[in-house]
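Here is a short tour to read with the model open beside you. Take your time and turn the view as you go.

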Amino acid sequence: MKTLFSILAAVTSFAALAQPEIPYREYEPLDQYEPHVSGDLKLSGSYQYWKDPAKLDYRMAGNPDENWKLNWKFMDPPFNQAVHGGHFALDRGEKLFKQLDAHHRFAVCLGAKKGKLKHLRAGYPRWRDDLKHVAGLEEVIEYCGARQGRVLQNGSYDNSAISLYLASLGNGQPIAIDVAKGPLKEAFERGRHLFHTRVGAFNFSCSSCHTHNIGKRLRGNVITTPYGDAAHYPVYRTQFVLQSLHLRFAECNLDTRTQPLLPGSQPYTDLEVFMTALTNGYPISVPAERDW
Amino acid sequence: MRFTLVGLILLLATPAWGVDLPPDASVSGGKTMAAKVIVNSGRLEWTPYKRDLGRWLTLSYQDRRATPEPTPFELKAPTNGDAARGKALAWQWCITCHTLPGDEWPGTVGSPMAKYKQFKHPDALVFQQIFDARIFNPNTVMPAYGTFGLLAEQDIRDLVAYLQNLE
């Protein structure tokens with residue numbers, strides 16, 4: 001009997017090891033999202049004001065109480081005609097791309113069909129057979145650069161500059177990733193879940209602010225919708241020079257006292273898929289700038 | 001009995017992989033690192049961040065740590081708070097979301113704190129709201145300052161004294 005008890009105790013212990021207990025987590029209520037930018041009409045409703053980036057209301061853009069309703073699209077081209085650091089990054093990106101693509105191997109590696117780069121940005125993140133996972137454009141730029149012996153770390157200036165150049169070739173093209181099936185659907189669902197997962201010292205999720213408190217003030221800042229944000233990255237910001245979407249996630253983490261992850265990590269890529277799907281149908285608009 | 005001992009030892013060993021930071025966290029030597037973008041460079045520069053954030057849960061799938069659960073706190077009277085110190089703390093911690101008297105850039109995510117005295121809430125309730133508001137509302141976005149160790153008990157007592165005297 002004693003031996004039987006010992007065996008049972010050991011088996012139970014090993015079972016506990018094989019399947020570690022799921023730790024306690026908290027989630028914001030999981031709202032329904034549409035994988036299209038117009039889904040914002042059911043969330044903040046501000047989409048009506050920034051639907052057409054070429055026809056933004058000048059009066060709203062100049063009114064600090066109302067400009068958040070434009071989702072900061074007045075800092076994107078064609079509305080924003082100013083010359084800023086993003087334009088210099090674009091030049092750098094073009095130069096680097098032409099160096100790397102001298103034998104057209106770089107474009108092929110990035111996945112451009114018949115050398116056509118116009119639709120590249122709009123179709124990322126995508127499943128990569130060679131990487132065997134869903135990857136964002138910046139991760140693939142790093143990977144394809146490394147194949148030619150070039151260091152282009154995900155999030156670095158040169159990596160983002162190439163990404164920005166490729167995005168600029170697709171200016172006006174609507175973002176179009178299909179999250180209805182396959183690995184992208186799985187990534188979208190994981191990203192949606194992460195968007196609502198509470199983390200960090202303040203126990204915030206992304207949605208604590210960007211779903212449940214849109215339009216409210218955090219002192220000088222007004223919280224905006226998560227829809228439509230992926231169309232202007234990488235973005236020029238004076239404090240961060242040129243910022244990729246993954247580095248923006250890291251900055252959000254730091255701002256909410258959460259230990260950030262590395263650019264290119266799977267959770268950030270899943271969030272990128274989620275954010276990009278929420279931008280489906282909105283035209284790429286680069287080079288854009290944002291506050292400080 | 002030997003099996004029980006082996007099982008027990010392995011069970012005791014399990015927290016070892018739950019305590020470590022996940023491998024995809026941007027840390028070096030246990031310190032939180034922030035990425036710096038260097039113009040015309042293919043490399044990021046990593047610099048130590050002003051705060052170490054490793055003790056709290058991350059977004060990593062490999063993070064097996066648990067979120068601290070909602071915790072009640074039984075406040076023993078008297079509150080003994082220093083309202084002046086509470087004001088300084090409120091302008092440091094609360095002002096981002098809550099409107100405080102004298103603030104020209106009010107936060108509107110939380111409820112306004114002006115004339116808070118009029119509500120005549122018991123001190124214990126106000127203390128609990130700051131210590132861990134999840135006790136009253138599991139979906140609150142207000143950080144649990146006590147449970148997460150952001151504020152000490154006396155800090156919260158000072159905040160209660162400040163808020164309860166706002167006329």
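In this predicted model, chain B has a mean pLDDT of 89, and 89% of its residues reach 70 or more. Its residues 1-19 fall below 50 in pLDDT; in the model this stretch has 20 contacts beyond near neighbours in sequence. For the complex, the predictor gives an ipTM of 0.90 and a pTM of 0.91.

Let us stay with chain B for a moment and look at one of its helices. How far apart are the end C-alpha atoms of helix 5 of chain B? They are 17 Å apart, which agrees with the 16 Å that its 12 residues, 153-164, should span at 1.5 Å a residue. Helix 5 of chain B is also mostly covered, with 10 of its 12 residues buried. Among those buried residues are Asp155(B), Arg157(B) and Asp158(B), along with Ile156(B), Leu159(B) and Val160(B). The cover over the buried residues of this helix includes helix 3 (83-93) and helix 4 (123-132) of chain B.

Now turn to chain A. It contains 11 helices and six strands, and its C-alpha trace spans about 85 × 50 × 35 Å along the principal axes. Of its 292 residues, 58% count as buried. Among contacts in chain A with a separation of 6 or more, 66% come from residues 24 or more positions apart. Chain A exposes about 12800 Å², and carbon and sulfur atoms supply 56% of that area. Its side chains include 34 positive and 30 negative ones, and the centres of the two sets lie 3 Å apart.

Is Phe202(A) buried or exposed? Its relative accessibility is 12%, so Phe202(A) counts as buried, since buried means under 20%. Which residues does Phe202(A) touch, leaving aside those up to four places away in sequence? In chain A they are Thr256(A) and Arg257(A), and in chain B they are Trp93(B), Pro143(B) and Leu150(B). For a sense of distance, the C-alpha atoms of Phe202(A) and Glu94(A) are separated by 41 Å, with the two residues 108 apart along the chain.

Most residues other than glycine have a negative phi, and most peptide bonds are trans. The table gathers the exceptions to look for.

| Site | Backbone feature | Value |
|---|---|---|
| Tyr233(A) and Pro234(A) | cis peptide bond | omega about -10° |
| Val286(A) and Pro287(A) | cis peptide bond | omega about -5° |
| Trp72(A) | positive phi | phi near 60° |
| Arg219(A) | positive phi | phi near 55° |

Where do these sites sit in chain A? Pro234(A) is in the loop between strand 4 (221-222) and strand 5 (235-237), while Pro287(A) belongs to the segment after helix 11 (266-277). Trp72(A) lies in the loop between helix 3 (58-61) and helix 4 (85-100) of chain A, and Arg219(A) is found in the loop between strand 3 (217-218) and strand 4. With a relative accessible area of 22%, Trp72(A) is partly exposed. Arg219(A) is partly exposed as well, with a relative accessible area of 29%.

Note on methods:
Residues numbered from 1 in each chain as written. Chains lettered and ligands numbered in written order. Predicted model: local features only at pLDDT ≥ 70, side-chain atom pairs only at ≥ 80, totals over all residues. Heavy atoms only, no water. Helix = DSSP H or I, 4+ residues; strand = E, 2+ residues; numbered from the N terminus. Buried < 20%, exposed > 50% of the residue type's maximum accessible area, 1.4 Å probe, protein only. Contact = heavy atoms within 4.5 Å. Areas by Shrake-Rupley, 256 points an atom, 1.4 Å probe, with all protein chains shown as cover. Lys, Arg positive; Asp, Glu negative; His and termini not counted. Charge placed at Lys NZ, Arg CZ, Asp CG, Glu CD. pLDDT = per-residue confidence, 0-100. Expected span 1.5 Å × (residues − 1).
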